Amino acid sequence: MVDYGINFWANNDFIIQDGKVKVNFKHKPALLDIVQDARERGYKGPLLLRFPHLIKNQVDKVFKAFESAIKEYSYKGKFKAVFPLKVNQMPNFVLPLVEQSQNKCYGLEAGSKSELILAMAYVNKNSPITVNGFKDKEMISLGFSAANMGHNITLTIEGLNELETIIEVAKELGEPYPNIGLRIRLHSIGVGIWAKSGGINSKFGLTSAELLEAINMLEKEQLLHKFTMIHFHIGSQMSDISPLKKAIREAGNIYAELRKKGAKNLKCVNIGGGLAVEYTQHEGKNSCNYTLSEFSGDVVFSLQQIAKNKKEPEPDILIESGRFIAANHAVLVAPVLELFSQEYDEKALKLKKHNPPLIEELFDLYNSVVEKNAIEYLHDSLDHMESLLTLFDLGYIDLQDRSNTEVLVHLIIKKVIKLLKHKSHNEILQIQEQVQERYLLNCSFFQSLPDYWGLGQHFPIMPLDRLNRRPTRSASLWDITCDSDGEIAFNATQPLFLHDVDVTKEEYFLGFFLVGAYQEVLGMRHNLFTHPTEFSIEFDDELNKGYELTRLIEAQTSLDVLDDLDYDTKEIERRLKQHIEENHNLDEEGKKEMLGQLYVMLSENGYLRTIATKGRD
């Protein structure tokens with residue numbers, strides 16, 4: 001059985017049984033069966049599958065870990081958390097999140113006016129709202145409205161100008177006031193590609209001098225009692241915990257010093273986000289080098305020691321970890337449309353009565369290759385191909401000879417792989433540049449995996465079935481966008497091996513896991529591909545299959561996408577209809593048929609239903 005590193009990244013949320021990936025919950029349905037259910041309803045393109053029970057699992061894990069650490073150390077402060085809406089604002093994530101965290105002090109964090117409106121509408125009663133990022137007077141006034149509605153809201157100040165505006169709005173609107181938080185600019189920084197979120201040169205936060213000035217301003221305006229929280233954030237996806245421990249020591253001391261300056265209602269330290277997700281599929285390539293228990297224990301213990309040494313009360317702890325909560329709840333499933341080497345089979349070989357000597361030698365290599373000489377003959381065939389291509393460029397062989405060269409080399413490659421399939425992948429890796437297969441997927445990486453394209457973030461990838469069969473093809477993945485960057489290239493240090501399948505006869509699906517954080521809203525409409533059709537999978541023991549597909553959101557139609565770009569779709573339809581009516585090569589029946597076909601296409605999404613290549617229907 002091939003496990004694709006599922007023991008590293010899946011947290012036991014997904015398992016392999018009977019050669020298939022299954023959801024490790026209730027009746028343990030296979031992802032492939034869920035996908036087939038969706039396809040039977042007519043949804044043939046890429047699918048995004050959401051699992052709301054995994055959202056609840058992650059929230060429960062975080063609260064359990066911190067509550068356990070608080071109990072272990074007899075910590076006097078409380079634990080609370082918020083979800084940063086920037087990580088995933090989609091309704092089929094946010095609404096289940098809010099619903100399933102009603103019994104916890106779990107709120108929402110907003111970084112824009114629109115996100116704040118969402119938070120005000122949906123946050124659970126008495127759960128916190130925090131507001132981060134740059135704010136204008138209108139956004140600050142919205143925070144006052146939230147306080148007036150009875151929300152437990154904290155406006156986190158990123159600069160003294162925002163504090164000046166809060167004071168101005170407080171004079172205009174009066175009480176009730178929102179709570180005030182101050183974001184501190186630490187010297188401590190995180191690690192990795194998001195490390196610039198922290199440090200003295202970071203985009204956000206107040207310096208020590210500005211913190212002291214803020215305290216003076218609040219005291220002068222008789223608002224110091226509304227200052228309840230300090231906040232820091234040293235970066236998303238913190239792979240190591242040591243930078244966080246250093247940051248907590250720095251922030252803890254600032255907390256104690258500000259209380260000594262008279263901020264007696266300062267009772268909360270917000271440590272931001274950064275709790276990492278393990279994305280790796282390969283041993284020794286970890287993206288998270290600590291456990292949740294270690295994380296929570298270090299935070300609680302560090303703050304307790306500082307409070308004890310400074311003789312100040314132990315603060316409440318608030319975290320804003322979003323990636324950890326959202327990532328694992330969503331799986332992108334993409335059908336494989338084509339394996340490019342499958343264009344080369346014996347039917348495509350058209351040998352002449354008299355062939356160039358090197359082609360005759362290639363044919364002999366193909367017929368005589370066995371396991372013992374497989375790699376030697378592969379190298380010989382590649383050398384022959386280089387020579388023959390040079391002869392073609394010089395005009396000594398014709399196009400049919402060139403075609404036979406390409407076909408024979410690919411046939412030798414496939415035969416070598418078949419002969420070596422029982423060998424270790426390491427041996428195949430030695431020749432991976434020559435034997436890698438290119439899989440064309442019915443999806444857009446720009447739309448569905450923007451962090452891969454933009455940041456090089458890897459996501460676990462595996463086929464949904466055939467996991468009791470050894471994969472033999474070192475795989476590069478191509479999406480259907482008209483862009484060479486739409487590729488996940490084969491990486492010999494983190495290799496992906498897939499199966500050699502004939503997709504003209506059988507379906508083959510790849511799952512991309514841990515895609516529930518950031519990918520959807522960041523996804524771009526390159527080539528005007530829209531979001532995939534999505535379903536939520538709700539589990540119910542009383543149902544025949546133990547689950548049902550709910551919360552359907554279909555991929556947008558071509559007209560919808562154009563409308564979103566502010567095209568006049570009625571004008572587009574009128575122009576297309578006019579072009580058809582002016583076509584003198586069609587009779588009235590032909591025009592009617594073409595118009596009908598056109599309207600069908602306009603009402604469908606842009607993903608492919610099949611691939612138009614030789615030998616396909």
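**Figure 1. The whole chain at a glance.** Helices (H or I, at least four residues) and strands (E, at least two) are DSSP runs, numbered from the N terminus. Counted that way, the protein has 22 helices and 20 strands. Keep in mind that this is a predicted model. Its C-alpha atoms fill a box of roughly 100 × 65 × 60 Å along the principal axes. Of the 617 residues, 55% are buried. Take the contacts between residues at least 6 apart in sequence: 76% of them join residues at least 24 apart.

Figure 2. Gln 17 has Lys 20 in E2 as its bridge partner.

Figure 3. Tyr 4 is found in the segment before helix H1 (6–9). Its phi is near 50°, a positive value in a residue other than glycine. Is Tyr 4 buried or exposed? With a relative accessibility of 8%, Tyr 4 counts as buried, because buried means under 20%. Lys 26 also has a phi near 50°, again positive in a residue other than glycine. Look for Lys 26 in the loop between E2 and helix H2 (31–40). Its relative accessible area is 46%, so Lys 26 is partly exposed.

**Figure 4. The closed barrel.** Eight strands make this one: a closed barrel of 8 strands runs E4-E5-E6-E7-E8-E9-E10-E11, with parallel pairing. On average, neighbouring strands of this sheet are turned by 25° against each other, direction ignored. For one of the pairings, go to strand E6 (residues 128–131) and strand E7 (residues 152–157), which run parallel and are joined by 4 bridges. Ile 129 has Ile 153 in E7 as its bridge partner. Helix H3 (residues 52–72) lies across strand E4 (79–84), strand E5 (106–110) and strand E11 (316–319), and runs at about 155° to E4.

**Figure 5. Strand E9 and its two partners.** How many residues of strand E9 are buried? The count is 5 of 5 for this strand (residues 227–231), so E9 is mostly covered, given that buried means under 20% relative accessible area. Strand E8 (residues 179–183) runs parallel to E9, and 4 bridges join them. In that pairing, Ile 180 has Phe 227 in E9 as its bridge partner. E9 also pairs with strand E10 (residues 268–270), in the parallel sense, over 3 bridges. Met 229 stands opposite Cys 268 in E10.

Figure 6. Glu 175 and Pro 176 are joined by a cis peptide bond, with omega about 5°. Pro 176 belongs to the loop between helix H7 (160–173) and E8.

**Figure 7. Helices H5 and H6 packed together.** Two packed helices are described by the angle between their axes and the distance between the axes. For helix H5 (residues 113–122) and helix H6 (residues 137–148), the angle is about 5° and the axes are 10 Å apart. H5 and H6 are therefore roughly parallel to each other, since angles under 35 degrees count that way. On the H5 side, Lys 113, Leu 116, Ile 117 and Met 120 take part, meeting Glu 138, Met 139, Leu 142, Gly 143, Ser 145 and Ala 146 in H6. The residues of this contact divide into 6 nonpolar, 2 polar and 2 charged.

**Figure 8. His 384 and its contacts.** This histidine lies in helix H13 (residues 374–393). At 15% relative accessibility, His 384 counts as buried. Which residues is His 384 in contact with, leaving aside its neighbours within four places in sequence? They are Leu 358, Glu 361, Leu 362 and Leu 365. Glu 361 is 23 residues from His 384 in sequence, and the two are 8.4 Å apart in space, C-alpha to C-alpha.

**Figure 9. Tyr 567 in a loop.** Tyr 567 lies between helix H20 (558–564) and helix H21 (569–581), in the loop. Its relative accessibility is 48%, so Tyr 567 counts as partly exposed. Not counting residues up to four places away in sequence, Tyr 567 touches Leu 562 and Ile 572.

Technical notes:
Residues numbered from 1 in each chain as written. Predicted model: local features only at pLDDT ≥ 70, side-chain atom pairs only at ≥ 80, totals over all residues. Heavy atoms only, no water. Axes fitted to C-alpha atoms, helices over the stretch in contact; angles between N-to-C directions. Parallel < 35°, antiparallel > 145°, perpendicular 65-115°, else oblique. Contact = heavy atoms within 4.5 Å. Nonpolar A, V, L, I, M, F, W, Y, C, P; charged D, E, K, R; others polar. Buried < 20%, exposed > 50% of the residue type's maximum accessible area, 1.4 Å probe, protein only. Pairing = 2+ DSSP bridges.
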